[in-house]
Every structure is written in structure tokens, then in C-alpha cells.
Amino acid sequence: MKLFSGYENKNVIVLGYGRSGKSAVNALVSLGANVTLTTNEVFSDEESEQKYNAWGVEIVDGHHPANLLNQADLIVKNPGIPYSIPFLKEAEERKIPIVTEVEIAHHLSEAPIYALTGTNGKTTCTHLLGEMLENNGSSPILCGNIGYPATDAAMEAAADDTLLMELSSFQLMGIKEFRPNIAVITNIYQAHLDYHGSVEEYVHAKLEIFKNMTADDLLIFNKKQASMLEGLDIKCRIQYFDADNAADAYAADGNLIVHGEVIMPVKDVVLKGEHNIENILATLLVASAHGVSLDAMKQTLTTFSGISHRLERLGEVGEVK
């Protein structure tokens with residue numbers, strides 16, 4: 001964990017008490033912040049309540065009173081809480097910064113961050129990449145939208161680890177300085193309009209992932225949707241994948257090809273589904289940038305069968321798989 005003084009003596013409101021909220025409170029207290037936790041539900045975690053009282057954390061449950069904003073320097077919100085609630089509307093009017101806990105993770109992580117997002121495929125890519133890195137002898141920590149809070153992972157990680165951070169549009173709306181070393185956008189289609197209100201806002205949230213990236217960093221993007229990047233101020237390097245046409249990673253003549261090198265025949269890949277070819281190609285570009293060996297790539301692709309409940313093979317009945 002890096003020493004970071006940016007939260008010291010700041011009055012920080014943690015809004016919502018899910019996994020990310022609990023992680024944010026723990027991290028912020030360790031960083032010297034004055035923390036207030038507010039949640040709409042009645043706070044019933046007695047063990048945490050005793051610990052928070054000892055730490056000087058104020059707990060306001062059952063509502064989010066506006067007077068909490070009077071001394072607030074920052075709000076760290078649960079990603080699922082919409083910006084449309086009155087408390088956050090008032091905070092925006094007062095120009096109080098609102099972030100999600102992945103912002104804290106960025107400030108704390110000694111390890112490089114590989115951030116993966118997209119409408120479809122991000123979970124598969126994160127798990128697939130994790131196995132490739134493990135098979136190559138690296139120490140990946142899967143976190144973020146995948147279930148393990150990014151801040152917990154950042155506090156755990158050493159410099160020679162790698163954070164594989166799956167990120168939702170909800171999380172990406174709440175970043176200010178967050179900067180991954182490698183970012184992957186698998187694809188962007190219409191989704192979560194009940195939260196975002198418009199396709200434009202949803203797309204904007206996804207594209208936030210690379211806003212702070214520099215020439216030292218790498219963005220991996222779906223070539224079929226390259227038009228989404230036109231006119232944007234992008235300072236990082238870009239590599240493209242495409243299952244059907246030549247790109248930095250693509251499929252041709254029955255083979256997976258990365259930077260002009262044949263990785264292996266598509267028919268030998270265990271992971272099923274034509275859509276997964278794009279997921280694999282995106283993952284191979286990250287693996288290549290990381291320095292994963294060809295043997296580790298092949299080993300993973302010939303053993304990784306996917307995520308539970310996603311085209312998962314359950315057996316065979318009457319010669320039907």
C-alpha cells in the first residue's frame with residue numbers, strides 16, 4: 001500500500017454500506033480522514049458499529065440529512081446509488097466532489113492496475129486474464145465489480161502483484177484521478193438506461209476509464225467500435241482487437257493471431273461461443289503487454305472453460321450436450 005496523504009484530516013462522507021462502503025471506511029480511517037457513514041437502512045452490524053465508534057466514525061442511519069454536507073470535503077458513494085437522489089443533487093450544487101471507492105484504490109495501490117469494462121464480456125476477460133497471469137507465474141488480484149472491493153485489493157497488494165479490476169459504468173462515473181496502466185473496453189452497447197438516463201451518459205461513463213491515461217499506458221479497444229473514439233483527446237497508446245478483420249489481435253484462417261504471431265488454432269480453445277473470440281483476443285493483448293509467455297497463453301486457453309452459469313457445460317442427455 002502506498003503512503004497517500006490526500007485524505008488526511010479531510011471530512012469524508014461514505015454514502016451507503018455495501019462491500020464498497022465498508023472497504024472505503026476502513027481505508028479512509030487508516031489514511032487519517034474524519035469519516036461519517038450514512039445509510040438509508042438501519043445500521044445493524046453491531047461488531048462494525050463498536051469498531052467504528054472506537055475509530056471515531058460517526059454513523060447516521062435511516063436517512064441522509066442535508067446538514068451532513070455542511071463540513072464535507074468529499075463523498076465516497078456506493079456505485080449503485082443514483083446521482084439523482086436529493087442528497088447528491090445538493091452535494092453537486094455545493095460542488096462537493098463525489099467519487100466511488102475505486103478512486104481511493106488508485107491512490108493506494110503499489111501494484112499496476114489493469115482495468116476492464118464493457119457492456120458484455122468484462123467478467124469473462126477478467127477471469128481469463130487472471131488465469132493467464134497465474135499460469136505465467138504472476139500474482140493477480142481480481143477485484144472491483146467482480147465482488148472483492150478494489151480498495152481492499154489495493155491495501156493488500158504488493159508492488160509485484162497486479163490488480164485486475166473489473167469496473168462498471170456506475171463505478172467509472174465516480175472517478176477523478178483514477179488511472180490504470182492498461183484499460184480494456186470489450187464493447188459498448190445500450191444498457192443501464194434506468195440509472196444513466198441516456199445512452200450518451202452511459203457511453204461517456206465507459207469512456208472515462210482512459211481519461212487520465214498517458215503515453216506510458218495502453219488502451220485496448222474493439223475495432224468494430226473505433227468510431228466512438230473519434231474526436232476524443234486520447235493521450236495513451238491504443239491497440240485494437242477484431243474477430244473478423246485484421247487488427248493488433250484478430251482471428252484468421254482458423255487461428256488466433258496477436259501482433260502478427262499465431263497463438264493457436266481456434267478449434268483448440270475450450271471457451272465456447274463466437275462472442276468469446278473477441279473476449280479472448282482482448283485478453284491476449286493484455287497478456288502480451290504484460291509479457292505472458294506463449295506457453296502460458298496456450299495452457300490457459302486449452303483449460304479455461306468460462307464462468308459459472310455462462311455457457312457452462314452441465315453434461316449430456318440423449319446425445320445432446
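You're looking at a predicted model, where local features need pLDDT of at least 70 and side-chain atom pairs count only at pLDDT 80 or more, while totals for chains, interfaces and linings use all residues. Residues are numbered from 1 along each chain as its sequence is written, and side-chain values use heavy atoms, with hydrogens and water left out.

Thr100 sits in the loop between strand S5 (98–99) and helix H4 (101–108); helices (H or I, at least four residues) and strands (E, at least two) are DSSP runs numbered from the N terminus. Show its contacts (heavy atoms within 4.5 Å) and, skipping residues up to four places away in sequence, you'll get Val76, Lys77, Pro79, Phe170, Gln171 and Gly174.

Next, pick Leu163. It is among the residues with the most contacts inside the largest nonpolar core, which has 50 residues. Such a core is a set of buried Ala, Val, Leu, Ile, Met, Phe, Trp, Tyr and Cys residues joined through side-chain atoms within 4.5 Å. Apart from that core lies another, of 36 residues, including Leu128 and Leu284.

Axes are lines fitted to C-alpha atoms, for helices over the stretch in contact, and angles run from 0 to 180 degrees between N-to-C directions.

Is Asn279 buried or exposed? Buried, at 5% relative accessibility. It touches Asn120, Gly121, Thr124, Cys125 and Thr186, again not counting residues up to four places away in sequence. Draw a C-alpha to C-alpha distance to Thr186: 6.8 Å, across 93 residues of sequence.

Last stop: helix H11 (residues 294–301), whose axis comes within 8 Å of that of H5 and crosses at roughly 135°. H5 and H11 are therefore oblique to each other. Select Leu128, Glu131, Met132 and Asn135 in H5, which meet Ala296, Met297, Gln299, Thr300 and Leu301 in H11.

Conventions. Buried means under 20% relative accessible area, exposed over 50%, partly exposed in between (1.4 Å probe, protein chains only). Angles under 35 degrees count as roughly parallel, over 145 as roughly antiparallel, 65 to 115 as roughly perpendicular and the rest as oblique.
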